[in-house]
Amino acid sequence: LVSAGHDTTAFFCCYGSLLLARHPDIQNQLREELLTADNEPNKQFDFPRSLLKRVFQETLRLYPTIPMVTRTAAKNVRLSRYADPDNKETLLVPKGSNILVPFFLLHRNASVWGNNAADFDPDRWIKHNTAPLSDGIMHPKLGFLPFAYGSRTCIGYTLSLVEAKLIFTSLLRDYELKPVPGFTPRIKAGISLTVENPHGIKVRFAKRNKRK
């Protein structure tokens with residue numbers, strides 16, 4: 001549990017910091033939301049409707065900490081071959097087949113996410129987070145499964161979200177996140193998504209003048 005929760009949190013917070021540094025308007029909105037909640041400890045934080053949830057979802061959509069998984073079909077399954085509901089052609093997946101599920105590609109599929117699938121846009125989640133409202137962030141019907149799904153869901157899933165909220169609250173309270181000119185992460189798939197250069201993710205931390 002400790003390994004699963006901490007490893008996913010570390011990678012997620014690195015990429016989340018990078019994306020917030022590149023989008024200062026969203027960073028400022030998230031800072032206001034988190035610091036307001038931090039100053040109202042007796043008021044329950046509305047995570048299901050929060051910008052924080054949408055930032056989590058959008059970060060994990062673009063940079064899932066689990067880039068792919070393999071599964072074995074438990075029974076014969078027929079899948080639609082095309083997104084067009086009028087096309088009745090199906091593909092048989094026989095029982096016992098080994099299946100590769102590439103989350104990294106699913107999360108950037110333009111037929112699901114639109115022509116701006118590669119863009120960081122937390123507001124794309126507003127329409128998907130209305131029903132049902134819950135603390136969960138997965139949307140299996142969209143192929144959004146950053147912590148896998150079902151009985152094989154990452155055991156560190158909930159811990160990771162709690163840790164990330166605390167980390168971003170502390171970071172945004174004390175620092176402005178700024179991009180490093182010319183830096184672009186180079187992604188390769190492994191147990192987690194990693195960058196090829198030995199210095200990891202590069203983000204500038206500028207001390208804020210006024211602490212709220």
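Biologist: Why does Asp 174 count as buried?

Modeller: Its relative accessibility is 13%. Buried means under 20% relative accessible area, exposed means over 50%, and partly exposed is what lies in between (1.4 Å probe, protein chains only). At 13%, Asp 174 therefore falls under the buried cut-off. One reminder: this is a predicted model, where local features need pLDDT of at least 70 and side-chain atom pairs count only at pLDDT 80 or more, while totals for chains, interfaces and linings use all residues. Residues are numbered from 1 along each chain as its sequence is written, and side-chain values use heavy atoms, with hydrogens and water left out.

Biologist: What makes Asp 174 and Arg 173 a salt bridge?

Modeller: Their side chains meet at 3.5 Å, N to O. A salt bridge needs a side-chain nitrogen of Lys or Arg within 4 Å of a carboxyl oxygen of Asp or Glu, so 3.5 Å qualifies. Arg 173 is buried too, at 17% relative accessibility.

Biologist: How many salt bridges are found in the whole structure?

Modeller: A search finds eight. In general, side chains of opposite charge can pair when their charged atoms come close. Arg 54 and Asp 123 form one of these bridges, with their closest N and O atoms 3.3 Å apart. That pair links distant parts of the chain, 69 residues apart: Arg 54 is in helix H3, and Asp 123 is in the loop between helix H5 (110–113) and helix H6 (157–174). Arg 54 is buried at 13%, whereas Asp 123 is partly exposed at 44%.

Biologist: And what makes Arg 124 and Glu 58 a salt bridge?

Modeller: The closest N and O atoms are 2.8 Å apart. Arg 124 lies in the loop between H5 and H6 and Glu 58 in helix H3, so this bridge ties together parts that are 66 residues apart in sequence. Arg 124 is buried with a relative accessible area of 11%, and Glu 58 is buried with 0%. There is also a network of salt bridges, which links Arg 31, Glu 176 and Arg 208.

Biologist: How do you know what counts as a helix or a strand?

Modeller: They are DSSP runs, numbered from the N terminus: helices are H or I with at least four residues, and strands are E with at least two. The protein chain comes to six helices and eight strands. From the N terminus on, the order is α-α-α-β-β-β-β-α-α-α-β-β-β-β.

Biologist: Why is the pair of Phe 12 and Phe 56 called edge-to-face?

Modeller: A pair of aromatic rings is described by the distance of the centres and the angle of the planes. Rings of Phe, Tyr and Trp (its six-membered ring) pair if their centres lie within 6.5 Å; planes under 30 degrees apart count as stacked, over 60 as edge-to-face and the rest as tilted. Phe 12 and Phe 56 are 4.9 Å apart, centre to centre, with 80° between the planes, so they pair edge-to-face. Phe 12 lies in helix H1 (residues 2–22) and Phe 56 in helix H3 (residues 51–62), so the pair ties together parts that are 44 residues apart in sequence. Phe 12 and Phe 56 are both buried. Tyr 175 and Phe 205 also form an edge-to-face pair, at 5.8 Å and 85°. Tyr 175 is partly exposed at 28%, and so is Phe 205 at 42%.

Biologist: How do you know that the charged end of Lys 207 sits over the ring of Tyr 175?

Modeller: The rule asks for NZ of Lys or CZ of Arg within 6 Å of the ring centre and within 35 degrees of the ring normal. The charged end of Lys 207 sits over the ring of Tyr 175, 5.1 Å from its centre, and that of Lys 165 sits over the ring of Phe 45 at 4.9 Å.
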